Amino acid sequence: MNNEDTIQAAGCVLWRISPIDEALEVCLVHRPKYDDWSHPKGKLKRDEHPLDGALREVEEETGYTATPGARLLTLAYEVNGRPKEVRYWAARAASGAFAPNDEVDRILWLSPTAARNRLTHPRDRDLVDALLTATGRSTVSQT
């Protein structure tokens, strides 16, 4: 397969500082179509820069604008027999509010440990660790 066959997507590990205890919280989205919990992400539009696409997807799926941070991991896997690459960035939630939509019916703000445990796909868990490293937070479990 050539690179043109690869589905190009981008997303963010969206985070904030809890208004309650000032701990780092990670936002996960629930997609009813797949009944899964994941980080906000989606396919890139033609000629769209991956970071622009990642921030667009965050806003479409969560209702939040975000300030991009460190480039994190690129996850590669197959979807219906086609290769897919998803580039991720850390992104701090800036402003906004969630409203259910066709793609995402719920979001959760969770501690890193709870987020790691809630994620449906094991490959997404490494992104939580990458976020903690990028933000200078301990990878020690927080509950």
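## Contacts of Leu28

Leaving aside neighbours within four places in sequence, Leu28 is in contact with Trp37, Ser38, His39, Arg106, Ile107, Leu108, Leu110, Ala115, Arg118 and Leu119; contact means heavy atoms within 4.5 Å. The structure is a predicted model, in which local features need pLDDT of at least 70 and side-chain atom pairs count only at pLDDT 80 or more, while totals for chains, interfaces and linings use all residues. Residues are numbered from 1 along each chain as its sequence is written, and side-chain values use heavy atoms, with hydrogens and water left out.

## Nonpolar cores

Leu28 is also listed, with Val26, Leu72 and Leu131, among the residues with the most contacts inside the largest nonpolar core, which has 21 residues. Two or more residues of this core come from each of E1, E2, E5, E6 and H3, and H3 gives the most, with 5 residues. A nonpolar core is a set of buried Ala, Val, Leu, Ile, Met, Phe, Trp, Tyr and Cys residues joined through side-chain atoms within 4.5 Å. Buried means under 20% relative accessible area, exposed over 50%, and partly exposed in between (1.4 Å probe, protein chains only). Helices (H or I, at least four residues) and strands (E, at least two) are DSSP runs, numbered from the N terminus.

## Helix H3

Helix H3 spans residues 125-134, and its buried residues are Leu127, Val128, Ala130, Leu131 and Leu132. Their cover includes strands E1 (7-17), E2 (24-31), E5 (64-79) and E6 (82-96), together with helix H2 (112-118). Just after H3, Gly136 has a positive phi of about 75°.

## Strand pairing around E6

E6 pairs with E1 in the parallel sense over 9 bridges, and with E5 in the antiparallel sense over 12 bridges. Two strands pair if DSSP finds at least two bridges between them. In E6, Glu85 is the bridge partner of Gln8, and Arg87 is that of Thr74. The hairpin of E5 and E6 has 2 residues between the strands, and Asn80 takes a positive phi near 50° there.

## Rings and charges

A search of the whole structure finds 1 aromatic pair. Tyr64 and Trp109 form this edge-to-face pair, at 5.6 Å centre to centre and 85° between the planes. Rings of Phe, Tyr and Trp (its six-membered ring) pair if their centres lie within 6.5 Å; planes under 30 degrees apart count as stacked, over 60 as edge-to-face and the rest as tilted. Tyr64 lies in E5 and Trp109 in E7 (residues 106-110), so the pair ties together parts that are 45 residues apart in sequence. Both Tyr64 and Trp109 are buried.

Arg71 lies over the face of Trp89, at 4.8 Å from the ring centre, and Arg123 over the face of Tyr77, at 3.5 Å from the ring centre. A charge sits over a ring if NZ of Lys or CZ of Arg is within 6 Å of the ring centre and within 35 degrees of the ring normal.
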